[in-house]
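Hi,

Here is the structure I promised to pass on. Have a look through it first, and then read my notes below.

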Amino acid sequence: MDPILEIKNLCIDFQTNRGIIRACDDVSVNFNRGDIIGIIGESGSGKTTLASGILKTIRAPGRIARGEILYHTQKGEIIDLLKLSEHEYAKHRWTNITTVFQAAQNVLNPTLKVKDHFIETAMAHDTDKKLTKKKILEKAAMLLSQVRLEERILNSYPHQLSGGMKQRTIIALSLLLEPDIIILDEPTTALDVITQWYIIDILRKIHEETGITMIFMTHDVSIIGSVVDRIGVMYCGQLVEYGKVEDVFSKPSHSYTFGLMNAVPSLKDDITKRKAITGYPPNLLELPKGCRFGPRCFLSNDGVCKSEEINITDMIDVGNEQLTLCPHWKKVKEQCH
Amino acid sequence: MPSLEEGERAMSLIELNNVDISFASKGKKKGSVNALVGMNLTIDEGEIIAVVGESGCGKTTLGKVIADIYRPTKGEVLFHGKDIHKLSKKEYQEYRLGVQMVHQDSYAALNPNKTIAQSLILPLLRHKLAKNNEEALDILFEYFNEVGLNPPELFLEKYPHQLSGGQRQRILLARALSVRPKLIVADEPVSMVDVSLRISLLNLMAKMNQKYKISFIYITHDLGTARYIAAHGKIMVMYLGRMIESNKIQEAIKNPMHPYFQALVAAVPEADSRRSEFAKELPLRSLDMPDLLNLPEGCKFHPRCPYYKDICMQEEPKLRKLNGGIVACHRAEECMKKTETEE
């Protein structure tokens with residue numbers, strides 16, 4: 001157990017005209033160094049908010065209400081990222097913690113060539129002013145080959161590249177400063193299956209070579225299911241389950257996890273077993289009392305559990321490092337497999 | 001035209017005969033992009049056909065040709081055996097009502113300034129399916145119940161932005177159903193809907209198919225959902241504007257014939273790692289599509305195909321019968337054998 005990020009009671013609020021939305025509600029989780037972690041959840045479940053929280057890029061009307069994010073550096077120091085000033089955090093952002101966003105197409109500056117993106121990024125973080133352009137471009141070419149792009153891309157403008165090539169360019173750019181953690185927010189959504197496979201394959205190989213910690217945020221469990229070590233499930237701003245991917249798949253301890261796994265059509269299984277989760281996700285301004293998944297949960301619909309009366313506290317350890325938010329996890333495990 | 005042939009043709013609902021569509025490219029590189037090339041397709045009553053392929057392969061163009069949004073550059077589209085551009089006004093209206101589209105982006109498909117009721121009553125009055133507002137509302141109530149929007153009055157008075165993506169997509173489906181169509185062209189209808197709700201929408205379409213015998217063209221790049229909705233239907237695989245394979249869907253996914261479709265099937269990730277491992281390698285030589293303005297000679301897939309031979313570079317393969325379906329590949333038999341032995 002070698003943690004790299006310890007998130008403790010993280011709450012992120014957004015002020016709206018009709019009240020405060022807590023988009024990330026009391027999330028506590030430890031990410032281990034060198035793991036590939038997947039966070040799944042539907043739109044509005046708080047995945048991106050959590051990512052922005054870790055990167056400290058929450059902007060008004062959002063704010064971090066409380067919580068700690070402890071980052072263990074390679075040298076063994078422990079830093080609370082949320083206590084850092086904007087200037088101090090800038091030393092870590094992109095040097096140690098980087099990100100690849102969903103709409104990669106829009107991240108690159110259309111008026112700059114690809115090589116200028118690399119030079120600009122390296123120079124901006126080069127506090128000792130030791131780097132030369134030649135050195136940076138050598139490194140850039142090496143990284144581009146790692147994401148299986150040719151060196152000539154360096155002289156292209158973003159509009160000359162396809163969506164998949166841009167996404168790969170950004171992955172290379174995010175690795176430029178040799179970070180510890182890379183957060184990938186929907187890295188393959190809006191890409192074709194073949195391009196999607198390619199990007200995941202590249203990321204897998206990079207992880208094998210560098211041992212970098214990767215955190216995937218996605219709504220589509222099938223993309224990451226076979227790649228990640230640990231998986232977290234978010235619903236309505238809460239982390240409802242977290243554990244080793246095999247355990248979460250074979251023995252889910254939250255009925256939302258089970259429902260989600262069962263709702264994804266695949267190529268191999270028996271299609272008659274696929275079932276949608278009933279109902280719709282609630283409005284974050286009018287959350288149901290007690291358990292937020294209650295109105296859609298089969299345990300509650302069967303009368304096993306009175307979801308309004310549940311007092312959700314911390315996550316419960318169900319063994320083998322699997323955590324759940326559901327107090328009736330034993331019944332979930334009995335019925336879902 | 002001989003009457004017998006006429007009678008035979010009337011069997012299928014929609015038929016595409018050798019349809020070509022090309023778009024002129026006005027950029028620096030002059031030329032034309034052929035979005036559809038020699039497309040032949042028949043859609044029977046009550047049939048579900050899933051159309052799959054990468055982005056840019058012409059799936060959406062095909063859908064729009066069927067709905068007469070694009071006019072073919074060459075070839076004809078037949079509705080009950082008659083060319084849609086030679087129909088009388090009354091017949092054309094029947095065709096227009098008979099073929100409805102459901103779009104990917106449900107937010108863009110609804111007028112943001114109108115309530116759902118205002119948007120949905122209009123077509124019913126316009127096509128005289130209802131005499132007045134009350135009658136139209138009665139019809140809408142019926143279909144809203146059908147698509148699972150209960151109680152209907154709660155949704156009818158809302159504006160599009162007040163509804164979730166899944167609810168809006170149901171409204172689009174109700175809108176399409178309300179004019180009693182024969183065919184619904186659904187262009188990526190669930191790709192913007194949350195995963196937990198996708199299945200319920202797919203089920204809904206399957207139910208409509210069975211209950212009203214409505215045919216569906218389901219356009220998608222997601223093989224998983226295609227297999228789900230068209231469980232007893234056909235699949236059609238497109239590559240660069242051409243149909244390259246078509247078969248019954250279960251058989252097609254079990255035994256893909258065209259090397260491109262084999263790669264597509266191999267690339268689909270499986271959520272549960274107990275069901276299948278992450279594919280170590282894809283059977284492709286190159287992952288990038290060729291330049292649309294400068295397509296390769298011969299088989300359009302050969303620069304990416306791992307099984308190509310000289311013939312593939314010279315001659316474009318025609319569709320031929322194989323394994324109960326059709327495929328356009330010179331070496332489909334060898335490809336199928338190879339994948340079997342590898343497994």
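**Where the chains meet**

The contact draws on 35 residues from chain A and 38 residues from chain B. Bear in mind that this is a predicted model. On the side of chain A that touches chain B, the elements giving two or more residues are α6 (193–210), α7 (221–224), α8 (245–250) and α9 (255–262) of chain A. The top contributor there is α6(A), with 5 residues. Sorted by class, that side of chain A has 19 nonpolar, 9 polar and 7 charged residues.

**A helix pair in chain A**

α6(A) also packs against helix α5 (residues 163–174) of chain A, at an angle of about 15° and with the axes 10 Å apart. Angles under 35 degrees count as roughly parallel, so that is what α5(A) and α6(A) are to each other. Their crossing is right-handed. From α5(A), the contact uses A:Gly164, A:Gln167, A:Arg168 and A:Ile171, while α6(A) brings A:Thr195, A:Tyr198, A:Ile199 and A:Ile202. By class, this contact has 4 nonpolar, 3 polar and 1 charged residues.

**The sheet**

Chain A also has an open sheet of 8 strands with mixed pairing, in the order β6-β7-β8-β3-β9-β10-β12-β11. β6 (97–100) and β11 (316–317) of chain A are at the edges with a single partner strand each, so one side of each has no neighbour in the sheet. Further in, β9 (residues 230–235) and β10 (residues 238–244) of chain A run antiparallel and are joined by 6 bridges. A:Met234 sits opposite A:Leu239 in β10(A). Across β3 (36–40), β9 and β10 of chain A lies α9(A), running at about 100° to β9(A).

Cheers

Definitions and conventions: Residues numbered from 1 in each chain as written. Chains lettered and ligands numbered in written order. Predicted model: local features only at pLDDT ≥ 70, side-chain atom pairs only at ≥ 80, totals over all residues. Contact = placed C-beta atoms within 7 Å. Helix = DSSP H or I, 4+ residues; strand = E, 2+ residues; numbered from the N terminus. Nonpolar A, V, L, I, M, F, W, Y, C, P; charged D, E, K, R; others polar. Axes fitted to C-alpha atoms, helices over the stretch in contact; angles between N-to-C directions. Parallel < 35°, antiparallel > 145°, perpendicular 65-115°, else oblique. Left-handed = near helix turned anticlockwise from the far one by under 90°. Pairing = 2+ DSSP bridges.
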